[in-house]
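Okay, thanks for making time, everyone. I'd like to walk you through the two ligand sites in this one, so let me put it up on the screen.

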Amino acid sequence: MAISAPRSEGWSKLSIVLHWLIVLFIVVQFVDHEWMVDMWRATRRGAEIDFTTATWGWVHIVTGTLVLIAALLRLWDRYANGRPPYPAGEPNWALWLAKVTHVLIYAILILMPVTGLLAWNLMIGELAEIHELLWTPLLVLVGLHIAGSLVQHFYFKTDVLRRMLRPAQ
Ligand code: HEM
Ligand code: HEM
C-alpha cells in the first residue's frame, strides 16, 4: 500500500520538519530585520557598524538563506513525491484560496532571499526596495494561512492540521 500510493495519507517527515523550520526562520526574521536595515544603511554610507547590529544583521542573512534552501527542498520533495489531497467536500472558493495562498507564499519565500542576497552582494538599492515590499504581503498571506488551518481544524474538523504535525506512516 505504502509503495503504490506514496504521500496519499500525509506529509513526509522531511516535509513536516521543513515546514516548521521555515516558520521558526520567519519568526527570527521578524525579530532581527531592524538590525539588518541598520547594517544595510551603515554599509551603504560607509559608516561604522556596532557589534550587536553586525551580529543580528548576519543572523538575518544566514537565516534568510536557510529559508531559501528549506523552501526549495520542500518544493522538490513535494514534486518528487506529491502532496496529500486537499480535504474532500470543500467549497471551490476555499480550495482555490488555499492553493493561491500556498503558491504566493512559496513565491515570496524564494523571492525574498534572492532579492536580499542580490541587493546585499551587488549593493543594488532597487532590489532592497523590492525585498522590503514583499514583507507585508508575506505577513498577510501567513495570517490567512494560519486562519485557514485553524478553520479546517476547529470548524470543518478535518485532519489537515494534524497531518502537518504527524508524518505519514
Ligand atoms: C525569507 C527570508 C527573508 C525575510 C523574510 C527577510 C525580511 C526582511 C525584512 C522584514 C526587512 C526589513 C524591511 C524594512 O522594514 O525596511 C529586511 C531587510 C533587508 N534584508 Fe531581508 N529577509 C530575508 C532574507 C534576506 C537575505 C537572504 C538577505 C541577504 C543578504 C537579506 C538582506 C536584506 C537587506 C540588505 C535588507 C535591508 C533592505 C533595506 O533596508 O532597504 N534578507 N529583510
Ligand atoms: C511563517 C509561517 C508559515 C509559513 C511560511 C507556512 C508555509 C506553508 C507552506 C508553503 C505550506 C505548503 C503547502 C503545500 O505545499 O501545498 C504549508 C502547509 C501547511 N501549513 Fe503552514 N506556514 C506557516 C505557518 C503555519 C502555522 C502557524 C500553521 C498552524 C497553525 C500552519 C499550518 C499548515 C498546515 C496545516 C499545512 C498543510 C496544508 C495541507 O495539508 O493542505 N502553517 N505552510
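Predicted model: local features only at pLDDT ≥ 70, side-chain atom pairs only at ≥ 80, totals over all residues.

Before I get to any contacts: when I say polar contact, I mean a pair of N or O atoms within 3.5 Å.

What holds its nitrogen atoms on the protein side? There's a polar side-chain atom of H60 at 2.8 Å from a nitrogen of ligand 1, and an N or O atom in the H131 side chain at 2.7 Å from a ligand nitrogen. The helices α1, α2, α3 and α4 (125-133) each give two or more residues to the shell. That shell has 19 residues, with W120 and W135 also among the closest. By class, we get eleven nonpolar, seven polar and one charged. Ligand 1 takes up the second largest pocket.

Now, over to ligand 2, which sits in the largest pocket. Here α1 (13-45), α2 (51-81), α3 (92-122), α5 (135-155) and α6 (160-163) each put two or more residues into the shell. Which side chains do we find at its oxygens? R78 has a polar side-chain atom 2.6 Å from an oxygen of ligand 2, and for R83 the distance to a ligand oxygen is 2.6 Å as well. On the nitrogen side, the H19 side chain comes in at 2.8 Å. In total, 20 residues surround ligand 2, and Y106 and H145 are also among the closest.

Terms used:
Residues numbered from 1 in each chain as written. Chains lettered and ligands numbered in written order. Heavy atoms only, no water. Near = heavy atom within 4 Å. Polar contact = N/O pair within 3.5 Å; in protein donor to acceptor, adjacent residues only side chain to side chain. 1 Å grid on protein atoms, 1.4 Å probe; cavity = no way out; pocket = protein on both sides within 12 Å on 5 of 7 lines; lining within 4 Å. Sits in = over half its atoms within 2 Å of the grid points. Helix = DSSP H or I, 4+ residues; strand = E, 2+ residues; numbered from the N terminus. Nonpolar A, V, L, I, M, F, W, Y, C, P; charged D, E, K, R; others polar.
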